Amino acid sequence: MCCNGVLFRDVELQPGDDAGKLKALGMPVRGKVGKFSQPCTALGEDCRCRIYADRPTRCRQFECLLLLDVIAGETDVDPALKIIRSTRRKADKVLKLMREIGDTNEKSSVSVRFRKIGIRFETGDIDAWLEQKSEEELYDLFGQLTLAVHELNGVLNQKFYPQG
Ligand code: SF4
């Protein structure tokens with residue numbers, strides 16, 4: 001979830017990171033500061049980082065709150081794995097609802113996709129989706145999606161983002 005667009009929308013390079021090398025490794029680094037979007041293109045189907053030895057600083061440094069709690073002995077491994085499985089189910093539900101609405105923007109993070117979908121509902125820009133679903137169905141799905149995102153963000157804030 002650290003690399004697939006659930007927790008983060010991008011990774012910003014830090015002093016010492018080699019943007020040229022990352023680009024040569026196929027990373028879509030962009031901008032003056034240098035960053036790349038999530039879901040990360042280096043994340044393999046097997047959930048491993050394709051450029052692990054050369055991953056940028058942020059990727060090396062990040063440890064989620066749950067991991068920190070396990071390291072500190074405040075949470076055992078089994079309950080931590082249970083929380084991860086349950087959170088992944090919440091994220092899967094969000095992604096499924098996005099697809100049901102008709103959003104196919106799989107290359108963007110969950111937060112970016114949700115923001116863009118919300119703007120389309122707010123501005124009534126949903127004609128393309130009306131070919132597959134009625135307006136009532138779409139607004140119902142958007143309501144479900146909003147609740148699912150709220151639930152997901154709740155657990156991410158509580159269990160995964162380190163304080164501060
Ligand atoms: S570079 Fe590797 S560790 Fe960093 S976000 Fe991508 S897959 Fe994850």
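**Close-up views of a predicted model**

**View 1. Lys-21 and Asp-54 form a salt bridge, with their closest N and O atoms 2.9 Å apart.** A salt bridge here is a side-chain nitrogen of Lys or Arg within 4 Å of a carboxyl oxygen of Asp or Glu. The pair links distant parts of the chain, 33 residues apart: Lys-21 lies in helix α1 (residues 19-24), and Asp-54 in the loop between β2 (35-37) and α2 (57-61). Helices (H or I, at least four residues) and strands (E, at least two) are DSSP runs, numbered from the N terminus. Lys-21 is partly exposed, at 42% relative accessibility, and Asp-54 is partly exposed too, at 29%. Buried means under 20% relative accessible area, exposed over 50%, and partly exposed in between (1.4 Å probe, protein chains only). By the salt-bridge rule, the count comes to nine.

The model is predicted, so local features need pLDDT of at least 70 and side-chain atom pairs count only at pLDDT 80 or more, while totals for chains, interfaces and linings use all residues. Residues are numbered from 1 along each chain as its sequence is written, and side-chain values use heavy atoms, with hydrogens and water left out.

**View 2. Salt bridges link Arg-99, Asp-103, Glu-106 and Arg-113 in a network.** Side chains of opposite charge can pair when their charged atoms come close. Glu-106 meets Arg-99 at 2.7 Å, N to O, and Arg-113 at 3.4 Å, N to O. Arg-113 is buried, at 1% relative accessibility. Arg-99, at 44%, is partly exposed, and Glu-106 is partly exposed with a relative accessible area of 35%.

**View 3. Helices α4 and α5 pass in a left-handed crossing.** Such a crossing has the near helix turned anticlockwise from the far one by less than a right angle; clockwise would be right-handed. The contact (heavy atoms within 4.5 Å) is made by Val-94, Leu-95, Met-98, Arg-99 and Ile-101 of α4 and by Val-110, Arg-113, Phe-114, Ile-117 and Phe-121 of α5. The two axes come within 11 Å and cross at roughly 35°. Axes are lines fitted to C-alpha atoms, for helices over the stretch in contact, and angles run from 0 to 180 degrees between N-to-C directions.

**View 4. Helix α6 (residues 135-160) has buried residues that are covered in part by other helices.** Its 26 residues reach 36 Å from the first C-alpha to the last, close to the 38 Å expected at 1.5 Å a residue. The expected span is 1.5 Å times one less than the number of residues. Among the buried residues are Leu-138, Phe-142, Leu-145, Val-149, Leu-152 and Phe-160. The cover includes α3 (65-71), α4 (77-101) and α5 (110-123).

View 5. Leaving aside neighbours within four places in sequence, Leu-66 is in contact with Thr-75, Ala-80, Ile-83, Ile-84, Lys-159 and Phe-160. Leu-66 and Pro-162 are 96 residues apart in sequence but 8.3 Å apart in space, C-alpha to C-alpha.

**View 6. The count of disulfides comes to zero.** A disulfide is taken as a pair of cysteine sulfur atoms within 2.5 Å. The sulfur of Cys-47 is 7.5 Å from the closest cysteine sulfur, in Cys-3, which is too far for a bond. Cys-64 is in no disulfide either, the nearest cysteine sulfur, that of Cys-2, being 5.8 Å away. Cys-47 is exposed, with a relative accessible area of 53%, whereas Cys-64 is buried, with 13%.
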